[in-house]
Amino acid sequence: MSLLSSIESACFTALRRLLSARARDITSETGSRSCIIIAPHPDDEVLGAGGTAALKVAAGSEVTIVIVTDGRQSHKSTKLASEALVAMREQESVDGAARLGVSKDRLLHLRVPDGETDNNRDVIRSALLAILRDRSPAEIISPSPIDRHADHRTLGVLVGEMLATDEITVPVLEYPVWFWSFGAWRPRSGGAGPVWSMVRIARALLSKPVVSVDVRAHLTRKRRALAEHRTQMESITGEPDWGVLDERFLAHFFDGRELFFPLSKEKATLRARRGFA
């Protein structure tokens, strides 16, 4: 393990422990709530909330998963056409959801082009409103805009806007995914470096509300669900530059608790006025 990888692992492990230590446990109350889980890409639903989904299903609560984009930008390949990758990732999401106990009719794909969420905000909003009317969930689980990834950020902001305008009237829990990697905090032109950026955001995180769900009893299901996403877990074409999810990164999602940031209407309204902070 390189020095940077060791530092990265230690920093994020320490941060998760601090957040977990002060988090309010909502395992019992969330288990009884039906929900919609919004995922920017196939596999985000497993990473961010797979254990919680399995917990809810086991408790008899209805879970609907909405995957917004088609995931075509995850890899560039000379051996696999992008449309073939899209088809594979969609099937992987079906198989992964089944591992969590979520049936195919509870898995919805909006098929927005990967990386184009900001250009399709109205389409996504309309689709989410229709799903909310149809499914009437008691809870929304949504990506956190704290993530540096543009699709995660756009969807987090959009859901916050919908909460602020009463288009969403149920509790919203936000989950981070790419926050847990220095790679997502690469310095931009004229911006702060990844370590300082993460420290700055971590300071803010340690002052905001956080809740946790105990998913230890459901980690096997979650791991099996993630394993179905073969395009993310192994080089399916044998190409050496085919990126796979690193086990050090994945460890943050398999420590027995899933962490969420509850979003209040007041905070959502402030966010809509001032932009995300």
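How do the residues of the lining of the second largest cavity divide into nonpolar, polar and charged?

What we have here is a predicted model, where local features need pLDDT of at least 70, side-chain atom pairs count only at pLDDT 80 or more, and totals for chains, interfaces and linings use all residues. Residues are numbered from 1 along each chain as its sequence is written, and side-chain values use heavy atoms, with hydrogens and water left out.

Let's start with the empty space. Rolling a probe the size of a water molecule over the atoms shows where such space is left. A cavity, on a 1 Å grid over the protein atoms alone, is a set of points where a 1.4 Å probe fits but cannot get out, and its lining residues have an atom within 4 Å of a point. Grid points are joined across faces, edges and corners, and the volume is the space filled by probe spheres set on the points. Counted like this, there are four cavities of 30 Å³ or more.

Now back to my question. The second largest cavity holds about 60 Å³, and its lining has four nonpolar, two polar and four charged residues. Helices (H or I, at least four residues) and strands (E, at least two) are DSSP runs, numbered from the N terminus.

The largest cavity has a volume of about 60 Å³. Among the residues lining it are Arg-16, Trp-180, Phe-253 and Arg-257. Strand E8 gives the most to that lining, with three residues, and the lining as a whole has six nonpolar, two polar and three charged residues.

Asp-255 sits in the loop between helix H10 (247-250) and E8.

Is Asp-255 buried or partly exposed? Buried means under 20% relative accessible area, exposed over 50%, and partly exposed in between (1.4 Å probe, protein chains only). Asp-255 is partly exposed, because its value is 40%.

Ser-61 is another loop residue, placed between helix H3 (44-58) and strand E3 (63-69). Ser-61 counts as buried, at 12%. Its side chain reaches the backbone oxygen of Gly-31 at 2.6 Å.

Next, some backbone angles. Most residues other than glycine have a negative phi. Ser-136, though, has a positive phi of about 45°, and Asp-166 has a positive phi of about 65°. Ser-136 lies in the loop between helix H5 (121-135) and strand E5 (140-143) and is exposed at 54%. Asp-166 is in the loop between helix H6 (150-164) and strand E6 (172-175) and is partly exposed at 44%.

Last, the cysteines. With a disulfide taken as a pair of cysteine sulfur atoms within 2.5 Å, the count is zero. Cys-35 is buried at 2%, while Cys-11 is partly exposed at 29%.

Technical notes. A polar contact is a pair of N or O atoms within 3.5 Å; within protein, one must be able to donate a hydrogen and the other to accept it, and residues adjacent in sequence count only if both atoms are side-chain atoms. On a 1 Å grid over the protein atoms alone, a cavity is a set of points where a 1.4 Å probe fits but cannot get out, and a pocket is an open set with protein on both sides within 12 Å along at least five of seven lines; lining residues have an atom within 4 Å of a point. Ala, Val, Leu, Ile, Met, Phe, Trp, Tyr, Cys and Pro count as nonpolar, Asp, Glu, Lys and Arg as charged, and the others, Gly among them, as polar.
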